[in-house]
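Here are my notes on the model, point by point. Please read them with the structure open.

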Amino acid sequence: MISFDFMDAPDIALERLLHEKYNRKEGVYKFITGRVAVENLAPNDVYRWLVDWMNQQLSDIGVNSTGGRRLPPIHFDLVQVVTDIKNAHVLEADGLAFIVVTQPMVDEMLRLSHALVERNRALMGLQIAPAAKSHEIAQLILFMQFSLVTAHEYSHLVRGHWDDKQPPEAGESLSQAQELDADGYGIYHDLSYFFHGRGRLITAQWLRVSNVKALENSILDCYLLSLMLQFCARWAGKTQVVWDADAEHPPQPMRIEYSLLFVEMWCREVGKISTSWMTDGTLNRHFDTVASLFRSAARESWKLQMSWLRGAESEQYRSQIRRSVDRLRTGKA
Ligand SMILES: [Zn+2]
């Protein structure tokens, strides 16, 4: 049993928790060696900025974002790992919750953001942010990817995915439905922040866009690109080509498809903004832009998964997932 001195600061409590888990070689945590001491970095360092930003969000959670649910105090940290592991976790211990993202994952986001902006100067300069410098646009794409990943982890907590002890219905993959549910809830959270919250101001400053319509178009473009970057990065990291029904996460193309539906729903129901981008070719163009950043070997294996998902063979799987996600979102059987 791990116990914390109640007076410990959360970062010290996390450091101790990780140490104990590391020493006992427990599950996924055996790869985590400790937190990144961002307080020792320069105030404008990107790691430090992201960690501070996230902890500020978490200390300022209103009823709106928890759906009225009582949450333990949540602390965020960037963690170091023994190998090049790129992922994020939520840990709960003794009345505290921790969201952690590994340093290689943030480094990958950084790399992808810069590659995307550098290799698509025309798109950036003509459509997204004519007056901004490349590094400012890349900074926003990094920030949006980070927001996607952390909002997803946060959503697992808010949606109580781990206290649902009900056995899943026969053949149902509860964990896969929960992953899609966390994607959806996280996307709603992000879009409200970027369109209606402080994220709108940050975006306007970094992209140097003040016109209302242009700003909203740019927020949407950058968010869609960031979303595809993250899913394609996870997808490219997988060597598995054949579909695995026992996997914890749904296949990445499925997550992309659902995520785009969640973005569309938000635009229609909350943002009251146009959803013509769903059908006017924007999505294909953005996907090609993002996919071109990945190795062609990875892209070849994507085609296989996509044709499996589009084929008759996946029909049963798709309808099952649809039922499970509906059940989670509405609370009804
Ligand atoms: Zn998850």
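1. At what angle do helix α7 and helix α10 pack, and how far apart are their axes? The angle is about 45° and the axes lie 9 Å apart, for α7 at residues 174–196 and α10 at residues 252–271. Axes here are lines fitted to C-alpha atoms, for helices over the stretch in contact, and angles run from 0 to 180 degrees between N-to-C directions. That makes α7 oblique to α10. Angles under 35 degrees count as roughly parallel, over 145 as roughly antiparallel, 65 to 115 as roughly perpendicular and the rest as oblique.

2. A word on the basis. This is a predicted model, in which local features need pLDDT of at least 70, side-chain atom pairs count only at pLDDT 80 or more, and totals for chains, interfaces and linings use all residues. Residues are numbered from 1 along each chain as its sequence is written.

3. The α7 side of the contact with α10 includes Leu180, Ile187, Leu191 and Phe195. The α10 side includes Tyr258, Phe262 and Trp266. Contact means C-beta atoms, placed from the backbone, within 7 Å. By class, the α7 contact with α10 holds 10 nonpolar, 4 polar and 2 charged residues. Nonpolar covers Ala, Val, Leu, Ile, Met, Phe, Trp, Tyr, Cys and Pro; charged covers Asp, Glu, Lys and Arg; the others, Gly among them, are polar.

4. Helix α9 (residues 212–236) also packs on α10, with axes that come within 9 Å and cross at roughly 165°. The two helices are therefore roughly antiparallel. Among the α9 residues in the contact are Leu224, Met228 and Phe231; α10 contributes Ile256 and Val263, among others. The residues of this contact divide into 7 nonpolar, 2 polar and 2 charged.

5. The largest nonpolar core has 75 residues, and Ile137, Ile141, Tyr223 and Met228 have the most contacts inside it. Such a core is a set of buried Ala, Val, Leu, Ile, Met, Phe, Trp, Tyr and Cys residues joined through C-beta atoms within 7 Å. Leaving aside residues up to four places away in sequence, Met228 touches Ile256, His286, Phe287 and Val290.

6. Overall, the protein has 13 helices and 4 strands. Helices (H or I, at least four residues) and strands (E, at least two) are DSSP runs, numbered from the N terminus. Buried residues make up 34% of the 333. Buried means 20 or more other C-beta atoms within 10 Å of a residue's own, exposed 12 or fewer, and partly exposed in between.

Note on methods:
Two residues are in contact if their C-beta atoms, placed from the backbone, lie within 7 Å.
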